[in-house]
Amino acid sequence: MPALIEMKPELDEEPHGNSPSKKPSSRRVKGRKVTKAVAATGKTEKGKPRKPASELPHQITAVYQAVDAHGKHIEKIVIEVTDDDGGVSFHMLDQPALILGQLTDLAKLVFKARLPYMRSSGLRELAAILLAAVEKEMYVAEHDGYHCLQIDGKPYKFYVWRDQVHAIGASAPLAVQVLSSGNPLPPASCTLDVWHEKIGRHMVINLYMLVALCAGISALLVQAFNLPRLILIFVGASSNGKSTTQQALQTCVEQATEIDMVSGTEKGLLGFLRQFRDRLVCMEELRNADDVAGVARMMFDVVNGSRRKTSSADQNVILSSSLSCGLILSNEETLAEIFARNRVTMNEGIAARVLELHCQGPHGMFHHLPGNMDASDFSNMLKAASARYYGAFWDEWVSAVAANADKIETFIDSKLPELQAELCEGMDIQDPVTRRMVRGMAGWACAGITAANLKLLPVKRSAIITAMRLVLKEHLDRQKHNTTPVGEKIISTVRDEIDRNKGKFPPFSQINANDHVGIYGYRHTTQEETLYLFFPAQLEKLFGEKFGSAAVIRTLRDAGYLSADSEGDQRQFRVPGRGEKSSLRKRFYAIKSSICFDVE
């Protein structure tokens with residue numbers, strides 16, 4: 001209700017006498033009719049007391065100053081409103097907008113809460129009251145997932161899930177309120193026991209599904225406990241259970257009737273993934289991406305937890321929110337095949353960030369079927385269950401992890417290196433890229449074992465290790481040269497180029513000939529071996545532009561196909577000839593002819 005405007009003394013004077021024939025005089029002040037009677041009595045024309053200008057309406061119970069994750073004030077205030085039924089709601093308003101009289105958001109609040117400030121003048125008055133009424137501080141959590149506040153140099157961690165705050169250790173020394181802007185998930189449709197009966201028990205006895213389940217639930221632990229990140233991709237022909245497994249995984253969090261496709265621009269896909277904070281997200285048909293190079297960058301962003309930097313109109317840097325989802329993809333082709341078909345450079349670093357799980361079990365993605373079902377029946381049963389039973393696992397998972405954070409942190413810190421060593425036991429893994437990938441798998445194992453220890457998954461530790469080692473062994477068996485998938489693609493590409501263009505390697509003895517045009521280099525044959533001598537610039541053009549020169553040379557050297565001098569990766573040869581030419585030398589990348597033959 002608008003406050004009383006103070007009248008000047010000369011306007012407040014009343015005529016002598018109380019003649020009933022005379023009404024109090026009036027005038028308009030700033031578009032509002034104010035009577036002398038109101039000025040004199042402090043009441044409205046209807047006789048109701050007027051509220052002091054500094055008093056909050058009774059529906060507004062508190063006004064907070066919003067702070068960021070470092071405890072610093074931001075240009076927002078939070079209004080706590082209690083309705084007539086006792087329901088409490090919170091509304092965030094922009095302080096500069098209130099000061100400048102930009103009151104659209106305030107008007108929405110007034111209308112929604114039925115506050116007695118329905119006119120423009122009343123909104124201005126209420127804005128002034130709210131700005132002056134700030135007393136406490138509040139952190140507003142605007143998304144689900146992990147949050148960390150730094151207050152006076154001390155971290156306060158917590159999860160937000162279904163609009164509830166789950167403290168990880170000590171609670172923050174200020175108010176925390178959830179104001180999520182996204183669409184809320186529907187509540188869990190069943191209890192955890194029912195979910196296990198219908199879906200979970202099938203996942204923990206099928207080895208590929210168990211690995212995928214551990215990978216999916218690890219997303220909750222990545223930021224809070226510094227667990228390594230790794231993307232999982234199912235690779236296999238259609239009707240092998242890829243989509244069914246993804247649907248079963250998604251029921252940990254929400255209903256799963258369909259899996260989103262990797263279809264859209266790079267910017268659109270990144271925006272989509274940012275909705276899934278510290279939880280798993282499944283997508284299929286990787287080949288449908290509008291921009292395959294953008295997908296490659298997206299994978300690096302997901303694993304690195306990157307924040308994109310853009311510029312505002314006033315040339316200030318705008319940081320996007322970081323990516324913190326656990327990404328599980330599926331496709332019928334390998335990444336190497338997709339990238340080659342789209343002529344996209346396949347950086348070797350992607351092999352450290354992605355594990356391709358090929359559907360080569362007895363029944364595609366499945367190892368064990370119920371006694372009365374074939375693979376198709378089992379798949380259909382899981383799909384039907386995925387539409388009906390969902391949400392219970394993640395509710396329990398968030399609550400249990402937050403309540404047992406200290407034990408989990410100790411477990412991960414001490415057991416992660418041990419698990420990595422256990423997964424590698426008996427496997428000769430020298431490649432640092434592959435060893436980094438194995439560390440990500442050890443993180444998945446940590447998540448699975450943690451869930452088992454918390455009685456959330458009915459599975460033994462040994463079963464998790466067995467499943468992880470099976471997938472790792474199958475991965476290594478596909479790498480015939482003890483390298484990465486990218487390394488295998490490099491070797492096969494070099495082999496194919498030599499096989500198809502042997503005529504572009506004339507004998508080294510003809511190096512002084514003038515009629516060699518369009519050649520790749522020379523062929524040097526001795527009693528011990530034949531070498532294909534690539535001009536350095538030609539090797540860069542043929543392979544370096546596609547894979548990166550450093551990755552190509554390292555792969556060839558580690559696989560034993562590069563013949564080099566002791567001081568570098570190239571090899572120097574004496575140019576045949578007499579006189580001055582006899583002292584000339586020339587360097588090449590010398591690749592052994594054994595690359596053209598299969599490895600036993």
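**Figure 1. Overview of the chain and its surface.** The chain exposes about 30,100 Å², of which carbon and sulfur atoms supply 48%; accessible areas come from the Shrake-Rupley method with a 1.4 Å probe, and for residues only the protein chains shown count as cover. This is a predicted model, in which local features need pLDDT of at least 70 and side-chain atom pairs count only at pLDDT 80 or more, whereas totals for chains, interfaces and linings use all residues. Residues are numbered from 1 along each chain as its sequence is written, and side-chain values use heavy atoms, with hydrogens and water left out. Of the 600 residues, 48% count as buried, where buried means under 20% relative accessible area, exposed over 50%, and partly exposed in between (1.4 Å probe, protein chains only). The chain has 21 helices and 22 strands; helices (H or I, at least four residues) and strands (E, at least two) are DSSP runs, numbered from the N terminus.

**Figure 2. Confidence along the chain.** The average pLDDT, the predictor's confidence in each residue from 0 to 100, is 87 for the chain, and 87% of the residues score at least 70. Over residues 1-53 the pLDDT is below 50, and this stretch has 56 contacts in the model beyond near neighbours in sequence. A contact means heavy atoms within 4.5 Å.

**Figure 3. The largest nonpolar core.** A nonpolar core is a set of buried Ala, Val, Leu, Ile, Met, Phe, Trp, Tyr and Cys residues joined through side-chain atoms within 4.5 Å. The largest one has 84 residues, and those with the most contacts inside it are Y159, F393, W394, W397, M441 and W444. Helix α17 (residues 432-453) gives the most to this core, with eleven residues. Apart from it lies another core, of 58 residues, among them F276, V344, I491 and Y561.

**Figure 4. Surroundings of W444.** Neighbours within four places in sequence left aside, the contacts of W444 include V211, C214, A215, L230 and M468.

**Figure 5. The kinked helix α6.** Helix α6 (residues 192-205) has a kink of about 55° centred on I199; the bend at a residue is the angle between axes fitted to the seven residues ending there and the seven starting there. Among the buried residues of α6 are W195, H196, I199 and M203. The buried residues of this helix pack against α7 (207-217), α9 (242-250), α14 (375-386) and α15 (392-403).

**Figure 6. I151 in strand β7.** I151 lies in strand β7 (residues 145-151) and counts as buried at 13% relative accessibility. Leaving aside neighbours within four places in sequence, I151 is in contact with H70, G71, Y156, P173 and L174. I151 and A172 are 21 residues apart in sequence and 8.1 Å apart in space, C-alpha to C-alpha.

**Figure 7. Helix α21 and the residue G560.** In helix α21 (residues 549-558), the buried residues are A551, V552, I553, T555 and L556. They pack against α19 (485-500), α20 (536-547), β20 (562-563) and β22 (585-592). G560, with a positive phi near 85°, follows α21.

**Figure 8. Loops on the two sides of strand β13.** D278, in the loop between α10 (266-273) and β13 (280-284), has a positive phi of about 55° although it is not a glycine. D278 is buried, with a relative accessible area of 1%. E285, in the loop between β13 and α11 (292-304), is likewise not a glycine and has a positive phi of about 55°.
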